[in-house]
Amino acid sequence: MSDIEQRIQKALQAAIQIDGGPITDDEDFFDGRLELDSIDVLEIVIAIKKEFKIDLKLKTDDKAGVFRNLRQLREMVESRMAEAA
């Protein structure tokens with residue numbers, strides 16, 4: 001697990017209650033065991049902002065702008081970090 005992945009897992013743990021161990025790359029945030037809702041997404045965005053000092057700038061009317069799994073979240077974080085550099 002990379003440093004970024006570890007930091008994202010840490011931020012997720014701080015933002016939401018996760019039962020059953022770490023989240024896998026393609027585990028759907030909104031279906032299955034997690035069943036996150038819009039409030040959970042906001043908590044994740046805030047935790048990511050605190051951990052990485054970046055803004056994800058999510059658009060609620062743009063489904064493509066919302067991450068559905070850890071892989072998409074990691075790609076979004078990496079992209080925003082590259083933009084900020």
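A crossing counts as left-handed if the near helix is turned anticlockwise from the far one by less than a right angle, and as right-handed if clockwise. I kept that handy while looking at the helices, which are DSSP runs of H or I with at least four residues, numbered from the N terminus.

Before going further, I noted that this is a predicted model, where local features need pLDDT of at least 70 and side-chain atom pairs count only at pLDDT 80 or more. Residues are numbered from 1 along each chain, and side-chain values use heavy atoms, without hydrogens and water.

**α1 and α3.** I looked up helix α1 (residues 3–15) against helix α3 (residues 70–84): their axes come within 11 Å and cross at roughly 115°. Axes here are lines fitted to C-alpha atoms over the stretch in contact, with angles from 0 to 180 degrees between N-to-C directions. The pair is therefore roughly perpendicular (65 to 115 degrees). Their crossing is right-handed.

**α1 and α2.** These axes come within 9 Å and cross at roughly 135°. That makes α1 oblique to α2. α1 passes α2 in a right-handed crossing too.

**The core.** Of its 25 residues, Phe29, Ile48 and Leu73 touch the most other members. α2 (38–52) is among the helices supplying at least two residues, and its six are the largest share.

Technical notes:
Parallel < 35°, antiparallel > 145°, perpendicular 65-115°, else oblique. Core = buried A, V, L, I, M, F, W, Y, C linked by side-chain atoms within 4.5 Å. Buried < 20%, exposed > 50% of the residue type's maximum accessible area, 1.4 Å probe, protein only.
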